[in-house]
Amino acid sequence: MFSERIEFVQRKFGPLFSQDNNVIFFNPESPFQCLSLSLDNLVAYQTFYPVADELETAGIQCIQNVSQQKFNLAIVSIPKSKKLARHMIYSATKAVPEGLIIVDGDKTSGIESIIRDLKKHTKITNVISKAHGKMAWFETPTNLDLYKDIPTKIEGGFETQAGVFSSDGVDPASKLLAHFISQDLSGTGADLGGGWGYLSVKALETNSISELHFIEADLSALNVARNNINDQRVMFYWYDALKWKAPKLLDFIIMNPPFHYLGRAMPSLGADFVKVASRNLKKSGTLWMVANRHLPYEDAIKGHFSSFSELSGSKKFKVIRAENPIHS
Ligand SMILES: C[S@@+](CC[C@H](N)C(=O)[O-])C[C@H]1O[C@@H](n2cnc3c(N)ncnc32)[C@H](O)[C@@H]1O
């Protein structure tokens, strides 16, 4: 775990962590990870809204853009996406033009291959193995421009970016849901956890939609979604769908809800999305959702909607239409 490794490195290589350092911590998972470092001048870089919100609430300055400020120490806690991990390391070299970059990760996040690759492109000062993971550090300046990631185009001309959900192509579950919604939506609605925008693009093919609220927690996904959707009827929110409240109750909600949180399976998240959908819909409103067949959302749907039916799905996915939200 990060905390065990960093505590070990702080104890053994203390001078790396002078209080004079201006530190940027890329991708901390929690306020605890930042506060345990006991560093006075620490800024967190976090683009996933629920975590950014937690950090800010704990009094930790949180940024989403590193082009303005310069630091002399960066800690990069790598995400599971290898491309995104490399891009964060590239961003760290720009944020720390002269100083030290520490790269950390559990083995399950792919840290070993990241370090192997780093060794090919820069001189690594040290590597430690501890608590099922590794931590390595190197000095800047160094040129890791080849790690930079830029948005790319996939099938259908859609733009995506490393690390966003389904970045290599349209998600098959969303494709299935799109077949059912394209003709049937009208009025004001929302796309909860809209990703890079596929479902919204498909929904907006009908002129009967007057307004669509697009809520997404991953800022990179939201930014590419703006380009993919490009429609005056849409309002974009970088926000936590679980806390979102529609300005007025909605005619419809579409969603392919997440069931992972920070790379770990969490099926209760999808059930929470069902609850949010129910409280934001008019009595006459409709929820259209798709989910992996094995995910147990029926109880949540029954608890929050008076009627629902499964439209023909596939072996892997189920498309559900739920009506008559129960407002307590
Ligand atoms: C299964 S993906 C579906 C994405 C998109 N609707 C599609 O069909 O391609 C779920 C999305 O929900 C987002 N997400 C996860 N937790 C969220 C939250 N608390 N609030 C808003 N969005 C969230 C994820 O970043 C991801 O883009």
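Modeller: This is a predicted model. In the ligand site, a polar side-chain atom of Glu216 is 2.6 Å from an oxygen atom of the ligand.

Biologist: What does the backbone of Ala217 do at the ligand?

Modeller: A backbone N or O atom of Ala217 lies 3.2 Å from a nitrogen atom of the ligand. Ala241 also takes part through its backbone: a polar backbone atom there is 2.8 Å from a nitrogen atom of the ligand.

Biologist: And how much of the ligand's accessible area does the protein cover?

Modeller: The protein covers 94% of it, where the ligand on its own has 590 Å².

Biologist: Which residues come nearest to the ligand?

Modeller: Ser174, Gly193, Glu216, Asp240 and Ala241, out of 18 residues around the ligand.

Biologist: How does that shell split by class?

Modeller: It has 10 nonpolar, 5 polar and 3 charged residues.

Biologist: Next, His213. Where does it sit?

Modeller: His213 is in strand E11, which runs over residues 209-216.

Biologist: Is His213 buried or exposed?

Modeller: Buried, because its relative accessibility is 3%, and the cut-off for buried is under 20%.

Biologist: What does the His213 side chain make a polar contact with?

Modeller: With the side chain of Tyr237, at 2.7 Å.

Biologist: Which residues does His213 touch, leaving out those up to four places away in sequence?

Modeller: Tyr237 is on that list, along with Thr188, Gly189, Ala190, Asp191, Met235, Trp244, Pro247 and Leu250.

Biologist: Changing topic: helix H3. Which of its residues are buried?

Modeller: H3 spans residues 49-57, and Tyr49, Pro50, Val51, Ala52 and Leu55 are buried in it.

Biologist: What covers those buried residues of H3?

Modeller: The cover includes helix H2 (31-35) and several strands: E2 (42-45), E3 (62-63), E12 (234-238) and E14 (260-261).

Biologist: What follows H3?

Modeller: Gly59 follows H3, with a positive phi near 90 degrees.

Biologist: Last one, the domains. How is the chain divided?

Modeller: Domain 1 takes residues 2-147 and domain 2 takes 152-325. Their C-alpha centres are 33 Å apart.

Biologist: How many residues does each domain put into the contact?

Modeller: Domain 1 puts in 15 residues and domain 2 puts in 13.

Note on methods
Residues numbered from 1 in each chain as written. Predicted model: local features only at pLDDT ≥ 70, side-chain atom pairs only at ≥ 80, totals over all residues. Heavy atoms only, no water. Near = heavy atom within 4 Å. Polar contact = N/O pair within 3.5 Å; in protein donor to acceptor, adjacent residues only side chain to side chain. Areas by Shrake-Rupley, 256 points an atom, 1.4 Å probe, with all protein chains shown as cover. Nonpolar A, V, L, I, M, F, W, Y, C, P; charged D, E, K, R; others polar. Buried < 20%, exposed > 50% of the residue type's maximum accessible area, 1.4 Å probe, protein only. Helix = DSSP H or I, 4+ residues; strand = E, 2+ residues; numbered from the N terminus. Contact = heavy atoms within 4.5 Å. Domains from an automatic or database assignment.
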